[in-house]
Each structure stands twice: as structure tokens, then as C-alpha cells.
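Subject: Structure handover

Hello,

Please find the structure below.

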Amino acid sequence: MGVVSSTRARPSQMSRVIRPLFQRQLAARPREAADLEAAREVLDTMGARMRPPRGTRLLDQHVAGVPCEMIIPPTADDTTCIVYLHGGGYLLGSRRSHRGLAAHLANAAGARAVLVEYRLAPEHPFPAALDDAVAVYRELLETFDHRSMVISGDSAGGGLALAVGLRLRDEGAPLPAGIAVISPWADLEGTGASLVTNAESEIMLDPGRITEVAGLYHPGTPADDPYVSPLHGDFPGLPPLLIQVGGDEILLSDSERVAARARASGVDVAVRVWPGMWHVWHMFAPWMPDARRAVNEYARWVMGVVASR
């Protein structure tokens with residue numbers, strides 16, 4: 001662990017088939033700020049196409065008063081728990097949109113997952129999502145040993161996972177075995193170079209709307225607040241960190257800069273950049289070998305950090 005690496009594998013033939021089809025589907029999405037409820041329904045419907053592995057049990061529950069779903073795949077043991085924070089720009093996303101992704105990640109890692117349905121902006125701006133995620137983790141400490149837990153998330157949920165780690169450390173709480181993030185949104189100021197260099201290769205996110213969407217999440221709080229943009233956080237004392245990111249993403253720079261900052265602070269960081277991959281390509285694991293390899297890599301890392309603690 002701790003080695004910064006980039007896969008040399010070329011994108012699969014299946015990814016080259018799926019990419020244009022997915023891109024055309026994305027082009028028909030409503031604009032989030034213009035029609036928020038429609039955008040939420042679109043993401044939920046798209047995400048629900050990734051079904052949990054056969055035999056997975058789904059248990060609705062409230063943890064610390066927050067709606068959650070306990071996901072128990074057939075491979076799960078009774079001790080390892082992934083606290084999963086969904087993506088969606090803090091405006092979208094739910095258990096429906098992300099249970100398939102969380103279930104496949106947990107199944108590969110032989111773990112349970114608790115999928116947190118934190119409150120969304122703009123109805124519930126910062127720090128509502130952070131407060132919910134921290135509260136869920138703290139209550140789960142009554143059931144799981146912190147050394148057998150991993151905080152994880154994708155996109156905005158990846159940034160939120162990093163913010164949760166920073167706040168737990170600041171509050172002196174027992175820290176998880178690791179933090180595993182996929183395509184994290186860690187810079188809500190929108191200053192990364194890849195916003196420009198990958199503007200043409202990006203197929204999911206609109207580089208021109210990053211700050212607009214961000215502003216709906218953190219009105220009244222500066223974008224460089226570390227709990228809003230973990231890129232600006234101080235990382236000493238955090239547990240091992242895994243970052244997976246696609247080489248074609250506009251958020252590539254977020255991952256690279258977080259990794260550099262954390263490593264400079266002495267954190268054990270593993271970074272994997274997947275050439276030719278788009279934002280949270282793991283969602284295509286049932287159909288695309290590149291996504292299955294990324295899920296399996298994630299799982300090996302999770303199992304490794306839990307075993308090492």
C-alpha cells in the first residue's frame with residue numbers, strides 16, 4: 001500500500017462500446033439547477049440499473065436518526081463495515097441510485113455496507129450532509145470496531161468521506177481502518193487544471209457549472225473551508241487513503257492534489273488513475289471489465305487495510 005500508480009491497461013473494447021451510448025443518454029438529462037426533481041429521478045433511475053449481486057439482503061434502518069440501508073451481500077462477514085456516502089453533487093442521489101454500486105463494492109470486499117441517505121442541498125445546505133455522515137459513523141461504533149470500518153464514497157460522496165475523516169480526527173473520535181474514495185469532488189472552488197485539460201474528454205460533468213452547483217451546497221460558507229473542500233484540509237493523523245479516478249475526468253486534479261497533500265502529511269496514500277475511464281465508471285461493473293477490475297482493486301485495498309489494523 002501507499003504506492004502511487006497508474007494502470008497501463010488500455011480501455012476494454014466493451015468500454016469503447018458503452019462510452020458513446022452512455023454519453024448520448026447523459027445528453028438528455030435535465031439541468032440540475034433548472035429541474036432538480038427531474039434530475040434526481042434521472043440519477044435514481046440510471047443508478048438502479050446496477051442491481052445488487054444475487055442473494056444480497058437490504059435492510060432499511062435509521063442510524064442516528066438518518067435513513068440508511070444496511071447492505072449484506074452473500075460474501076459479507078459480521079465484522080467489516082463500509083460506511084458508503086453516495087455521489088450526486090450534494091443535490092442528487094439516494095439509496096436507490098447507489099445501492100447497486102455499494103453492494104458490488106461490499107460483495108467484492110466480503111463486507112457489509114451502510115449506505116447513508118444524508119440530507120441534500122439546496123433544501124439542507126452545508127453542514128447537513130457532513131453532520132449526518134458523522135452521526136451515522138459515531139453510532140455505528142456501538143456495533144462495529146473502528147478498526148474494521150472503512151469510510152467510502154464516490155464523487156461528492158468521496159469528498160464528503162474525506163471531510164468526515166477530517167472532522168472525526170479533529171473531534172478525537174476513533175478513526176476507521178481507511179478511507180476509500182472514487183472520483184472524489186474535493187475542490188468546490190473549481191481550481192483544478194483538469195477542468196480545462198479534460199473538458200473535452202469528460203462525459204458526465206459540466207466544467208462550466210462546478211461552482212454553480214457548489215454554491216447551492218455551501219451558501220454562506222467559504223468554498224475553501226476544509227469541511228467543504230477537503231483539498232484545503234490538514235491531513236496528519238488520517239488513516240490510509242485509497243483514491244481511484246478516471247484519466248478522462250475533469251476531477252482528476254482533485255484526486256492528484258489531495259493525494260499529494262495527504263502524502264506530504266505522512267498519510268499512507270494509494271492512488272490509481274485509470275486511463276480512458278470516466279467519472280465513477282465502477283457503476284458499469286456488471287457489463288464492463290474495466291469497472292470489474294476497479295471494483296476488485298478497491299476490494300483488495302479494503303481487505304488489506306482492515307487486516308493490517
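This is a predicted model. I start with strand E8, residues 241–246: six of its six residues are buried, so the strand is largely enclosed by the rest of the structure. Leu241, Ile243 and Val245 point one way from E8, while Leu242, Gln244 and Gly246 point the other way. Both sets are buried. In a regular strand the side chains alternate between the two faces of the sheet.

E8 has pairing partners in E7 and E9. With strand E7 (residues 178–182) the pairing is parallel and involves four bridges; in E7, Ile182 stands opposite Gln244 of E8. Strand E9 (residues 269–274) also runs parallel to E8, and six bridges join them. Within that pairing, Val245 has Val273 in E9 as its bridge partner. To get from E8 to E9, the chain passes through helix H8 (residues 252–264), giving a right-handed β-α-β crossover.

Now the cysteines. How many disulfides does a search of the whole structure find? It finds zero. A disulfide is a covalent bond between the sulfur atoms of two cysteines, and the cut-off used here is a sulfur pair within 2.5 Å. For Cys68, the closest cysteine sulfur is that of Cys81, at 9.7 Å, which is too far for a bond. Seen from Cys81, the closest cysteine sulfur is in Cys68. Cys68 is buried, with a relative accessible area of 0%, and Cys81 also counts as buried, at 0% relative accessibility.

Regards

Terms used. Residues numbered from 1 in each chain as written. Predicted model: local features only at pLDDT ≥ 70, side-chain atom pairs only at ≥ 80, totals over all residues. Heavy atoms only, no water. Buried < 20%, exposed > 50% of the residue type's maximum accessible area, 1.4 Å probe, protein only. Helix = DSSP H or I, 4+ residues; strand = E, 2+ residues; numbered from the N terminus. Pairing = 2+ DSSP bridges. Right-handed = clockwise from strand over helix to strand, strands pointing away.
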